[in-house]
Amino acid sequence: MSIFNQKSKFKIKTEIRTVRETVERPKLKASTSSSSIPTTGPSQHSNARIAGAGSSLSRASSTPRLNGTSQTTSTSSSARASLAKVTSISTVRRIQSASPNPSIHDDGRSSRKRRATKASSRSPISPHFSEDSDSDSNGDENWEDNLDARKRRKRVHDERPVDVNRKLRHPKIWKGEDADQVERIPGPGIIHAAKVASLEHKCKPALGLKNEEVAVRLQYPGARYPEWYELVEGKDKIDAVKDIEKVVQLAASTYLTDEEGKIFLDHQTGILRKLVKSKNRSDGPGFKAALREYNDELLKLMRKGVIVRNLDKMHGIPRELVDFILDQVYDRTVAPRVELLAKYQNGSDNVYGELNHPFISDIFERTNLTSDKVFVDLGSGVGNVTLQAALEIGCESWGCEMMENACNLAEAQYDEFLARCRLWGVKPGKVRLERGDFRKNEKILEVLKRADVVLVNNQAFTSQLNDNLVSMFLDLKIGCKIISLKTFVHDNKNAENDVATSILDVEHLTYPEGYVSWTGASGTYCISTRR
């Protein structure tokens with residue numbers, strides 16, 4: 001029962017005291033324990049380049065955080081650790097990290113490649129289950145945790161502006177035809193989890209299963225074909241159990257109404273509850289049975305057109321789902337070959353660094369980016385931020401990168417991204433990834449003339465490259481927003497001869513801890529407006 005619906009213990013004369021007691025006392029006792037349900041999918045990082053005239057990696061992971069003061073605590077993955085080494089060799093020499101032990105690199109959790117999850121709190125849309133699989137009662141002390149997933153998700157959406165022009169449904173979403181063919185149809189284009197985390201990759205069976213029992217399939221809300229997993233565990237590999245739980249939670253909480261989602265999310269009898277209990281008990285057969293039930297129930301709803309109908313009423317994607325989809329893409333394309341990103345040119349503009357998902361989401365919000373606008377990332381690395389803009393906002397999204405390995409990984413991500421969006425039934429904005437020097441790429445120079453938001457992670461750029469960028473900004477339209485880690489307007493220049501001073505209005509801002517990969521400390525960035 002909501003604390004606001006409880007009967008007062010006091011008479012009418014003490015009405016004011018009654019309100020204070022009813023509201024404040026539960027807050028003092030509210031539980032801070034974490035749910036056993038995974039709260040953020042694989043990672044919360046976004047590779048954003050900190051260098052290069054077309055070199056950089058932008059990608060950001062996220063928690064649904066809508067104002068500029070949220071705190072994000074992430075854990076390191078081994079991929080992040082190796083990338084941090086790259087940064088420490090060159091970038092950190094020039095940046096001088098303020099944190100010898102960044103919070104995004106060490107909180108004692110799994111070191112899986114590219115996985116960075118929020119350590120201290122559940123997602124606002126994750127249902128709460130006790131870590132004790134047999135305990136269902138948390139008492140009134142956990143009143144906030146007992147809010148159902150749907151209400152918490154709606155609370156997040158209520159804080160975000162609605163882009164009524166955005167249409168979410170993928171044009172190729174499955175509507176229930178050829179239902180009897182579901183199990184025999186392969187997923188076109190997707191990289192199945194079993195291709196990167198399996199017994200063949202020296203993983204071990206999870207949940208007490210035998211080798212011949214680990215293969216399972218997982219249904220998604222947008223396509224009739226499933227993804228194949230193996231219920232295994234291994235260092236730096238996809239955690240199949242957590243991924244499956246996360247897909248079930250997100251599919252039910254995002255695509256279904258309260259009543260439709262009850263069979264999946266009910267705290268006592270829901271399928272997600274059964275998955276968690278089976279995991280906690282290392283009950284492999286029980287986990288597989290609950291997964292089969294989920295697949296069957298979701299397919300029933302898909303055949304009835306429920307998913308399509310609900311998607312047509314939506315105009316935005318929860319950030320938690322955005323992050324999870326992007327992390328699925330990254331984990332199947334970049335993470336297995338992350339060592340390629342360590343090949344950089346020391347002492348040049350081509351230095352690797354990352355902006356995390358929440359940082360990028362904040363940028364989108366602060367610049368009022370919407371689906372009818374144009375976003376450009378100059379030095380887009382493996383394409384993470386470019387893909388995030390297309391998925392989270394639905395806008396036309398461009399990226400340009402010159403480092404060959406990063407470009408190759410970006411193309412792999414792009415292909416998987418399109419396939420994953422279809423799997424989830426959502427339509428992203430148009431994505432264009434260009435190779436080469438953004439100062440010379442004709443398509444980039446042309447699209448900059450109509451860009452609404454431009455990201456330039458110039459943390460380690462040379463002064464020459466920054467000056468070149470200022471010259472490029474002359475062609476930006478009035479009102480275009482430029483996000484940079486360093487200002488293009490320098491105090492030591494003569495204002496009369498400083499082009500940047502004459503064309504840019506600069507706002508200096510501070511980002512909180514955990515927003516970038518090269519330090520766990522807070523830092524500063526700029527939003528410049530073309531005038």
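Are Phe 264 and Tyr 294 buried or exposed? Both residues are buried, where buried means under 20% relative accessible area, exposed over 50%, and partly exposed in between (1.4 Å probe, protein chains only). The model is predicted, so local features need pLDDT of at least 70, side-chain atom pairs count only at pLDDT 80 or more, and totals for chains, interfaces and linings use all residues. Residues are numbered from 1 along each chain as its sequence is written, and side-chain values use heavy atoms, with hydrogens and water left out.

The structure holds 10 aromatic pairs. Rings of Phe, Tyr and Trp (its six-membered ring) pair if their centres lie within 6.5 Å; planes under 30 degrees apart count as stacked, over 60 as edge-to-face and the rest as tilted. One of these pairs joins Tyr 255 and Trp 424, which is stacked because the ring centres are 6.3 Å apart and the planes stand at 25 degrees. Tyr 255 belongs to helix H5 (residues 240-255) and Trp 424 to helix H13 (residues 404-424), so the pair ties together parts 169 residues apart in sequence. Helices (H or I, at least four residues) and strands (E, at least two) are DSSP runs, numbered from the N terminus. Tyr 255 is buried at a relative accessible area of 2%, and Trp 424 is buried at 0%.

Phe 264 and Tyr 294 form an edge-to-face pair, with 5.8 Å centre to centre and 75 degrees between the planes. Phe 264 lies in helix H6 (residues 258-265) and Tyr 294 in helix H8 (residues 284-303), so this pair ties together parts 30 residues apart in sequence. Ring pairs also link Tyr 220, Tyr 255, Phe 324 and Trp 424 into a cluster.
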